[in-house]
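Okay, thanks everyone for coming. Let me put the structure up on the screen, and then I'll walk you through some parts of it.

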Amino acid sequence: MPRTAAGHSSPAPHPTPGGPPGSPRLSARGVVKRFGATTALAGVDVDVAAGETVAVMGPSGSGKSTLLHCLAGILAPDAGTVRLGGTDIGTLNERDRSLLRRRRLGFVFQFGQLLGELPAVENVALPLMLQGVARPEATRRAAEWLAALGLAGKEGRRPGELSGGEAQRVAVARALVTGPEVVFADEPTGALDQSTGADVMRALTGATAAAGASLVLVTHDEQVAAWCSRRIHVRDGHVTDAAPGQPAAGPASGASAPGGAR
Ligand SMILES: Nc1ncnc2c1ncn2[C@@H]1O[C@H](COP(=O)(O)OP(=O)(O)OP(=O)(O)O)[C@@H](O)[C@H]1O
Ligand SMILES: [Mg+2]
């Protein structure tokens, strides 16, 4: 496993304790977010357990991306609290929120997250180097993740020289390489056809499980949501937890972890 192989020889990835035993890894209470006259989130409660994979669904404009950005400390809520393990994100200043995102969270978006002028391996190594991991070690760990995601031999390609699905798997490697507690993904397969999207979801859920991370994934697509163990629905800034504790649906149980049988 990349995490196991790399974890022993690197600085501790999580300098902050994870919170009391049994408490959710990520917990939002009464989160409100307004943009001018628009109330994008109207008092939202969400809990995400360690290792849980949650699909966030709902109509366009309902507040899904805003919720993800508030949970991830990208946006500061106007009211309410968001806790990651033992940390109340709302009490952190901008710089500490940015450090928390870099050290404890991973992100996969629909487009534009890879640096076009850098080869795949350097895109993946970059978050490690930003944490102070030396280039040779960062490059070695990045190459392990790329290989685990089926991209061996493509380390030197720039994003423009990869297919859409390959580029998204590079983005998955980049999100996971630092050993995050929670991975956030906003429409990660939105630009892909169904079969390529399934490949990316297999990579994303397999890598997340292998790393022991939780996953919060925004999608419009039922087939993408089926890879997750739970769904929540957002409508007009309100969340309804449609199926708490629902067992993993079809494809999720068949996902192979990176570094496994490939
Ligand atoms: N930066 C912003 N400034 C002003 N209004 C915003 C901003 N971001 C979001 N909104 C508004 O907040 C509401 C929720 O937007 P959000 O992007 O969270 O929706 P969404 O559910 O992600 O939609 P989609 O499925 O289309 O991506 C919408 O009414 C949107 O217009
Ligand atoms: Mg959105």
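Start just past α4, where Gly132 has a positive phi of about 100°. By the way, helices (H or I, at least four residues) and strands (E, at least two) are DSSP runs, numbered from the N terminus. One caution: this is a predicted model, so local features need pLDDT of at least 70 and side-chain atom pairs count only at pLDDT 80 or more, while totals for chains, interfaces and linings use all residues. Residues are numbered from 1 along each chain as its sequence is written, chains are lettered from A and ligands numbered from 1 in the order in which they are written, and side-chain values use heavy atoms, with hydrogens and water left out.

Now, back to α4 itself. Its buried residues include Ala120, Val121, Pro127 and Leu128; buried means under 20% relative accessible area, exposed over 50%, partly exposed in between, with a 1.4 Å probe and protein chains only. Those buried residues pack against α5 and α6, where contact means heavy atoms within 4.5 Å.

So how covered is α6? Mostly: 11 of its 13 residues are buried. Among what covers them are β6, α4 and β7. From first C-alpha to last, α6 reaches 19 Å, close to the 18 Å expected at 1.5 Å a residue; that expected span is 1.5 Å times one less than the number of residues.

Next, β6. Leu105 and Phe107 point one way, Gly106 and Val108 the other, and all are buried. β6 runs parallel to β7, with 4 bridges between them, and Gly106 has Val183 as its bridge partner there. Two strands pair if DSSP finds at least two bridges between them.

Elsewhere, 4 strands make an open antiparallel sheet, ordered β2-β1-β4-β5. β2 and β5 are its edges, each pairing on one side only.

Finally, the largest pocket, with a volume of about 290 Å³. On a 1 Å grid over the protein atoms alone, a pocket is an open set of points where a 1.4 Å probe fits, with protein on both sides within 12 Å along at least five of seven lines; lining residues have an atom within 4 Å of a point. Which of the 15 lining residues are closest to the centre? Arg102, Leu105, Phe107, Pro127 and Arg174.

Key: Grid points are joined across faces, edges and corners, and a volume is the space filled by probe spheres set on the points.
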